[in-house]
Amino acid sequence: MGCSDRLAIVTGTSSGIGAALANALLTDGWTVVGLARREAGIDHPSYRHVAVDLGDLDALKRVAENDLGTLVTDNRWTRVALVNNAAISGGKQGLEDTDPDELAHLLIVNTVSPIYLMGFITGTVLPAVALRVVNISSGAAVRAFPGLGDYCTSKAALRMAGMVLAEELTSELRPGGRRVNAAVFSYEPGVVDTPMQTASRSSSLEEFPWGQPFKDFKEQGLLEQPGDVIGEVVDFISGDDQDTFVEKRFGG
Ligand SMILES: NC(=O)c1ccc[n+]([C@@H]2O[C@H](COP(=O)([O-])OP(=O)(O)OC[C@H]3O[C@@H](n4cnc5c(N)ncnc54)[C@H](OP(=O)(O)O)[C@@H]3O)[C@@H](O)[C@H]2O)c1
């Protein structure tokens, strides 16, 4: 898996922003382990793919305990990053039509699994190793969009979990003491031309009454390309001397 001393674990490398990020990190000399259900189609000696469904917590725990734990404690790493990028966009229904099983599944994929991975990686990476955690967020984490209640809720909770982790990392009361050289980044990539956006504008307005903005993004040429929105993530995980919690939006 290459000879790099920097490891990035990136979820959702089979598509969109995650695929672009994995390729950029590989070009930059990182070793990348990607997690997704589908293959990523990335052919690089420093890339390894782990096929896992983030909606299946037992499968994810097996991957963490049997695979990621050994990987991240390898003493060749001087820097380890986790990028929680994978997500699904939800049912595009008003909250009055909530299906509790679908909501629970979305929250597992978008919130529970990323929080579990944050905790697992933070607790497992050796204390002397630089640790960076990135949660790919959304404007929907901080703004209420009708019809996106499930997605908004999931992203708001993930953003807050990152803020809590940062507080814990700097707390003297943390078991084992403060964690040095660790930082968390919550990053809103803007509106990006990916399959998630395609799906969001593909429903009719009868199916998704609040869907017009997604059609407008495309028609008005407002979509960014995935490769153009990832620079801040690469900079953050590569950099030092950041605050323990940093929040940014693409172009903001
Ligand atoms: N595109 C935008 O405009 C936009 C705006 C704001 C925020 N974001 C955020 O950016 C991130 C990336 O989204 P994107 O636009 O690049 O979407 P995308 O092209 O649909 O990619 C989503 C990725 O998540 C993975 N994924 C989904 N469900 C999964 C599961 N159950 N288990 C494992 N992996 C799963 C997919 O892999 P598999 O299907 O192979 O499993 C895929 O690689 C997401 O967090 C999204 O919320 C996107």
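In this predicted model, a backbone N or O atom of Leu54 lies 2.8 Å from a nitrogen atom of the ligand.

**Contacts with the ligand**
- A polar side-chain atom of Tyr151 is placed 2.5 Å from an oxygen atom of the ligand.
- For Ile17, a backbone N or O atom lies 2.9 Å from an oxygen atom of the ligand.
- Of the 880 Å² of accessible area that the ligand has on its own, the protein covers 95%.

**The shell around the ligand**
- The ligand is surrounded by 31 residues, and the closest are Ser14, Ser15, Asn85, Tyr151 and Thr194.
- Sorted by class, the shell contains 15 nonpolar, 12 polar and four charged residues.
- Helices α1 (16–27), α4 (149–169) and α5 (195–202) each contribute at least two residues to the shell, and the largest share, three residues, comes from α5.

**Aromatic pairs**
- Five aromatic pairs are found in a search of the whole structure.
- The rings of Phe185 and Phe236 count as stacked because their centres are 4.5 Å apart and their planes are at 15 degrees, under the 30 degrees that the class requires.
- This pair links distant parts of the chain, 51 residues apart: Phe185 belongs to strand β6 (residues 182–188) and Phe236 to helix α7 (residues 231–238).
- Phe185 is buried, with a relative accessible area of 1%, and Phe236 also counts as buried, at 5% relative accessibility.
- One aromatic cluster is formed by Phe185, Tyr187 and Phe236.

Note on methods:
Residues are numbered from 1 along each chain as its sequence is written. This is a predicted model: local features need pLDDT of at least 70, side-chain atom pairs count only at pLDDT 80 or more; totals for chains, interfaces and linings use all residues. Side-chain values use heavy atoms; hydrogens and water are left out. Rings of Phe, Tyr and Trp (its six-membered ring) pair if their centres lie within 6.5 Å; planes under 30 degrees apart count as stacked, over 60 as edge-to-face and the rest as tilted. Helices (H or I, at least four residues) and strands (E, at least two) are DSSP runs, numbered from the N terminus. Buried means under 20% relative accessible area, exposed over 50%, partly exposed in between (1.4 Å probe, protein chains only). A residue is near a molecule or strand if one of its heavy atoms lies within 4 Å of it. A polar contact is a pair of N or O atoms within 3.5 Å; within protein, one must be able to donate a hydrogen and the other to accept it, and residues adjacent in sequence count only if both atoms are side-chain atoms. Accessible areas come from the Shrake-Rupley method with a 1.4 Å probe; for residues, only the protein chains shown count as cover. Ala, Val, Leu, Ile, Met, Phe, Trp, Tyr, Cys and Pro count as nonpolar, Asp, Glu, Lys and Arg as charged, and the others, Gly among them, as polar.
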